[in-house]
Amino acid sequence: MTSSTDLAGFRVHLTAQRRSEDIDAALTRRGAEVFHCPSMVTTPVDRDDQLPGRTREVIAAAPEIVIVTTGIGLRGWLEAADAHGLKPELLAALAGARIIARGAKANGAIRAAGLEAEWTSPEETAEDVLRYLRGGDLAGRRVVVQYHGMGTDGLDEKLSAAGAEPLGVVVYRYVTPEDPGPVLRSVRESAAGRVDAVLFTAAGGSVEWLRAADEEQRAAIAALSRRGELGLFTVGPVTARPLEEAGLTVHLPPRNRLGAMLRQVAEWGIERTGRRAAAGLNAAADAEPAAGGGHPGGPNPPRRRAPAVSRARGGPGAGAADGPERHPGRQELGREFAEALRRYEEYLRYERSRSEETVRAYRSDLTDLFTAAQSAGRAAPGEVTLADLRDWLARSFERDTARTTMARRASGARSFFRWAENEGMVGANPASQLRSPRGGQTLPKVLSHADVEAVLAEIRRREEEDPRDPRTLRTRAVAELLYSAGLRISELCRLDLGDVSRERRTVTVTGKGDKQRTVPIGAPALAALEAWVRRGRPAWFHGGGAGAPPVQAAVFIGPRGGRADQRQLREDLNRVLDAATTQGASGAHVFRHTAATHMVEGGADIRAVQEMLGHSTLATTQIYTHVSVDRLARSYRSAHPRA
């Protein structure tokens, strides 16, 4: 997800413990201020001393009906059973019962365990499950219910009232945190109007957060939420129920998923911070929220589900790039494929915190796959077979697609179908047996020292012809910085002015997975950067204002004032490379390869190069040692008399 500041000053309190890092990353990278106040903490299954005994009771009971309420709960239960040598017996007990799934994710976990659900609740609620079971005779039936977190939500009592014999099993039990201070602070600041949004992902968290508030604070929170000055966001109706019963106004996402909730939070936050900016308020200050917030036209009604919003730049999180983003082939997909792709993009952005470049790559590959599947007569992801996937890769091979690209596509297909299986969108995962093509390692193309000097000389020549041309000044700064620091072009586009330290001669870079690193830069790169910021950037910077792209802090911008687009920068670099070199090198990444190779040739420690490049493993960086040896061998063969 591209970094931006469209949520600058948006104050969020997060009551969740599970997935809190993912939620935090999805919001803070866009400027939001996130305060962690977990109102419940989870007991890991490997530390739950109650779960093994309960599992033995289930095995001994030989249940006739099993209700699975959460996918992660079933997976955790089986994991704990396996650790105690009980998994085969537990699976046998479950397989002998009628299995009911409370939602698609629960059904996905059931299938992944090699079991089959008799029925899946489309509403994903206990009431829906009860309506289905009451269609038969429950008298005397042994019913096991897998609960998550808090335990029974009233289902045990209702099953008992219907004559059944329920046995509840709680996985990932919730307990209150040892330090109540953060929750008390969250309630206090929410009631005082110093918070924009509070996020809830579990009913237990809602209950405990409310329990920390006194009557006066509850009344204040209820009033603020009704007026739209405080957004209370929940992942689904079960989590919302305790808040609603306390008289609070709650926002529900269009689907009961974390990604859908985060998208809703982002859209609401952008609208809210935009209104504050238009009113002349400082969105970053800890001020009272503007009255009359919420959606235009009045207060937000309770349990309002926000419609899915389609944005030209890929929805919230796509950033404020200075060029449009296209969705190739997206309009040609059928409804089922298009909806699956939209939901998967949402999952990647908001739940997995993937960069916009990664999302774009997945979208391109999956669009190609789905288009091929449609040509074979498939109408939905659930109809795609392993043969379809192999045919798709074979056609890629026939089009002379590089083996590395084919391997990436195969990996992307496996990732998508794993997710789709967990979502209950497909039955058996057709990609589980899909193998990536093997191929030899291709060494990256690099520039020689002379080529680098020729490129920089060509840029200086253009600058001498027109010293005021912003594009030339920007191209020099981009080339110098890419070569000096070995940055990815995506990392360069994300740079803000505050990321550059003139005194220390460093840049702070946000790389893949939102990992930050500080990289030194040379004096020529710093000088080129200062020339661009002082002489080139002001010519294109339009100052912003209400409704303008939030790029006041962006180092590199485009002619229209938005954050620079990667495609524009690549085109500028390619023009210079074509004019200055003869080896056919192109793109921005050649500067990164060149910087790493020249450092290795100069005697730099390979681990220092790894740290500079931001590689997660040393194996990725070691390719540059092969490049250096390969270049040495060529020089040897051309120069040594006995080569």
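This is a predicted model: local features need pLDDT of at least 70, side-chain atom pairs count only at pLDDT 80 or more; totals for chains, interfaces and linings use all residues.
View 1. Confidence is highest in strand β10, at 97, and lowest in strand β13 (residues 304-305), where the mean is 42. Residues 280-331 stay under 50 in pLDDT, and for them the model has 138 contacts beyond four places in sequence. Another stretch to treat with this in mind is residues 544-551, where the pLDDT is below 50 and the model has 14 contacts beyond near neighbours in sequence.

**View 2. An open parallel sheet of five strands.** Follow the strands across in the order β6-β5-β4-β7-β8 and you have the whole open sheet, with parallel pairing. The edges belong to β6 (119-120) and β8 (165-171); each has a single partner strand, so one side of each is left without a neighbour in the sheet. Helix α5 (residues 104-112) packs on this sheet, touching β4 (65-68), β5 (98-101) and β6, and its direction makes about 140° with that of β5. Helix α6 (residues 126-133) also lies across β4, β5 and β6, here running at about 145° to β5.

**View 3. Strand β4 and its partners.** Zoom in on β4 and you will find Ile65 and Ile67 pointing one way and Val66 and Val68 the other way, all of them buried. Toward β5, the pairing is parallel over four bridges, and Ile67 stands opposite Ile100. Toward β7, four bridges again join parallel strands, with Val66 opposite Val144. Val144 also leads on to β8, where its bridge partner is Leu167. In total, seven bridges join β7 (residues 142-148) to β8, and these two strands run parallel.

**View 4. The parallel pair β10 and β11.** Strand β10 (residues 197-200) is joined to β11 by four bridges, the two running parallel. The bridge partner of Val198 is Leu232 in β11.

**View 5. Helix α13 from end to end.** This helix (residues 335-351) has 17 residues and reaches 23 Å from its first C-alpha to its last, close to the 24 Å expected at 1.5 Å a residue. Just after α13, look for Ser353, which takes a positive phi of about 55°.

**View 6. The largest nonpolar core.** This core has 48 residues, and those with the most contacts inside it are Leu481, Leu482, Leu487, Leu492, Trp532, Phe556 and Phe591. Elements that each supply at least two of its residues include α17 (449-465), α18 (470-485), β15 (506-510), α20 (523-540) and α22 (589-601). Leaving aside residues up to four places away in sequence, Leu492 touches Val478, Leu481, Leu482, Leu487, Phe556 and Leu569. A second, separate core of 27 residues includes Ile59, Trp77, Ile110 and Val171.

**View 7. Helix α21 and its cover.** With 15 residues, α21 reaches 21 Å from its first C-alpha to its last, close to the 21 Å expected at 1.5 Å a residue. Gln566, Gln568, Leu569, Asp572, Leu573, Val576 and Leu577 are its buried residues. What covers them includes α14 (356-375), α17, α18, α19 and α22.

Technical notes. Residues are numbered from 1 along each chain as its sequence is written. Side-chain values use heavy atoms; hydrogens and water are left out. Two strands pair if DSSP finds at least two bridges between them. Contact means heavy atoms within 4.5 Å. Axes are lines fitted to C-alpha atoms, for helices over the stretch in contact, and angles run from 0 to 180 degrees between N-to-C directions. The expected span of a helix is 1.5 Å times one less than its number of residues. A nonpolar core is a set of buried Ala, Val, Leu, Ile, Met, Phe, Trp, Tyr and Cys residues joined through side-chain atoms within 4.5 Å. Buried means under 20% relative accessible area, exposed over 50%, partly exposed in between (1.4 Å probe, protein chains only). pLDDT is the predictor's confidence in each residue, from 0 to 100.
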